[in-house]
Amino acid sequence: MGGEWISSSRALPNINPSDTNDVIGEFAEADAALALSAIQAARQAFREWSRSSPQQRFDVLDAAGAALLARKDELGQLLAREEGKIPAEAIGEVTRAGQIFKFFAAEALRVGGEIVPSVRPGMSVEVTREPVGVIGLITPWNFPIAIPAWKIAPALAYGNTVVLKPAEMVPACAWEIAKILEQAGLPAGVFNLVMGKGSVVGEALVSSADVDAISFTGSVSTGRAIGARCFASGKKFQLEMGGKNPMVILDDADLDNAIAVTLNGSFFSTGQRCTASSRLIVTAGIYDKFTEGLLAQMQALRVGHALDATTQMGPVVDERQLAQNQKYLQIARDEGAQVVGGELLKLRSPGFYMAPALALDTENAMRINREEVFGPVASVVRAKDYGEALALANDTDFGLSAGICTTSLKYATHFKRNVEAGMVMINAPTAGVDYHVPFGGRKGSSFGPREQGTYAREFYTSVKTTYINPL
Ligand code: ADP
């Protein structure tokens, strides 16, 4: 923080979820006082950085992006070791982060404004954008490099300064990002990393009058609480929270594609994606063939140590999440669902392993279909036709991503227009997005402007309208 690496009195071991004997390192745990120092450093750095030239911002962000891309294999291995996703996914995530930094490097050069004729004779109007100030970023563990990247890069590109509070479970990835930004030539204090508890460091960010805005990604309950606190203290805020994303499979779907898309959407990254397909809504004519095919491929997925070359699905991130997944499987059984898979697995290395699970014969009203599980667990709901499938897809408190598998342009078009979600996927997994277009949802999933692409500027800038009377 403030351009220096400060150790704290407390440190916590960082455990590999694939092998609990593997300690990645001891990482500092900051207290509220350190968080406040970081906020002060960001506040002090703001004056200069907010006036820095677009070229300077471009150079730093471009260099950070280049470093991420150059080190994608090594950082991907670290990410896989720390979070538990397999290297192909982890390297893909680091690559994505590099691309995001490069995208926002160029965005720094594109901050323009408008000159608009006034409706009043002789006057003119200018619409310009300014940085918001000190931004607090609070991020989750499931994309420990990409999510910080898609918040840090636009924040810096538009001239803000940053305090990042990463999730407790992924300090190593956050530390690497901070080092990369330092090496990219970012002036001291413009970016500050504070590792520690949400209830301490996160809370310090949310309650500080010196923080102008908070961008949060995480659970619904934490997000709502943070939103209420931000509103009360007059902060700008943006929340990305959960999903209960529907994937509709219609009778006329390409069966192989529907199975592949669902396998990916529901179980890749161990289902630990807010865009994961957790409700599979399947029409009657394809129900048996689809569930049979999906079950066969799901049960064939090789679960194992994330860094084993043959592994297709790594462990669950930690013991608490594993217990939560198991709890929801029991809830589904108690509600009358038939659960296939989901067993706890004892493998060669001690880790948080479970088999992927599918809950069959579920009703949309069941808790397993209302609440986010955040694991390799999907459920299947039977629909009599497209109309009922769409109604079921929309019958949820969430609205992040929604998919449909169909070969009918009519249904695809109708679904695109009528499904209540921020992102719609046609014959493609609900998870897996591009970085140059908006990301976000509706209803209980999101609050505030979209993230990513040029839309990110809505959150990370403040619009100023100036009226000029030339006299
Ligand atoms: P998860 O259940 O997936 O860990 P959370 O919403 O609890 O999701 O965590 C997302 C981020 O929010 C993490 O960085 C966490 O430390 C942080 N956080 C948790 N509680 C608070 C809080 N009360 N105030 C601010 N940040 C918090």
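How many helices and strands does the chain have? There are 15 helices and 18 strands, where helices (H or I, at least four residues) and strands (E, at least two) are DSSP runs numbered from the N terminus.

Before you click around, two notes. This is a predicted model, in which local features need pLDDT of at least 70 and side-chain atom pairs count only at pLDDT 80 or more, while totals for chains, interfaces and linings use all residues. Residues are numbered from 1 along each chain as its sequence is written, and side-chain values use heavy atoms, with hydrogens and water left out.

**Stop 1: the whole chain**

Start zoomed out. The C-alpha atoms fill a box of roughly 75 × 60 × 40 Å along the principal axes. For 471 residues, a compact globule would have a radius of gyration near 23 Å, and the 23 Å of this chain agrees with that. That radius is taken over C-alpha atoms, and the globule rule is 2.2 Å times the number of residues to the power 0.38.

The chain exposes about 18900 Å², with carbon and sulfur atoms supplying 53% of it; the areas come from the Shrake-Rupley method with a 1.4 Å probe, and for residues only the protein chains shown count as cover. Of the 471 residues, 56% count as buried. Here, buried means under 20% relative accessible area, exposed means over 50%, and partly exposed is in between (1.4 Å probe, protein chains only).

Now for contacts, meaning heavy atoms within 4.5 Å. Among the contacts with a separation of 6 or more, 73% come from residues 24 or more positions apart.

**Stop 2: two domains**

Colour 11-241 plus 445-468 as domain 1, and 245-426 as domain 2. These bounds come from an automatic or database domain assignment. The centres of domain 1 and domain 2, taken over C-alpha atoms, are 30 Å apart. Where the two meet, 25 residues of domain 1 are in contact with 27 residues of domain 2.

**Stop 3: Gln272**

Select Gln272, in the loop between helix H9 (255-267) and strand E11 (277-283). Is Gln272 buried or exposed? Its relative accessible area is 2%, so Gln272 is buried. Show what is around it: leaving aside residues up to four places away in sequence, Gln272 touches Glu83, Trp141, Asn142, Phe143, Pro315, Val316, Val317, Gln321 and Phe374.

**Stop 4: Glu372**

Next, pick Glu372, in the loop between helix H12 (367-370) and strand E14 (377-383). Glu372 has a relative accessible area of 22%, so it is partly exposed. Draw a distance from Glu372 to Lys244: the two are 128 residues apart along the chain, yet their C-alpha atoms are separated by 5.8 Å. Lys244 is also one of the residues that Glu372 touches, and the others are Gly242, Gly243, Cys274, Gln324 and Tyr328, not counting residues up to four places away in sequence.

**Stop 5: Ile145 and Ile177**

Show these two together. Ile145 is in the loop between strand E5 (134-138) and helix H5 (146-157), while Ile177 sits in helix H6 (residues 171-183). Ile145 counts as buried at 2% relative accessibility, and Ile177 counts as buried at 4%.

Which residues does Ile145 touch, not counting those up to four places away in sequence? They are Leu68, Leu79, Glu93, Val94, Ala97, Cys173 and Ile177. With the same exclusion, Ile177 touches Pro144, Ile145, Pro148 and Ile152.

**Stop 6: Asp62**

Go to helix H2 (residues 54-70) and find Asp62. Asp62 is partly exposed, with a relative accessible area of 23%. Beyond residues up to four places away in sequence, Asp62 touches Lys102 and Ala105. Arg442 is 380 residues from Asp62 along the chain, and their C-alpha atoms are separated by 32 Å.

**Stop 7**

Finish with Asn427 and Gln452. Asn427 has a positive phi of about 55° although it is not a glycine, and Gln452, not a glycine either, has a positive phi of about 70°. Look for Asn427 in the loop between strand E16 (423-426) and strand E17 (446-447), and for Gln452 in the loop between E17 and helix H15 (457-460). Asn427 counts as partly exposed at 31% relative accessibility, whereas Gln452 is buried at 1%.
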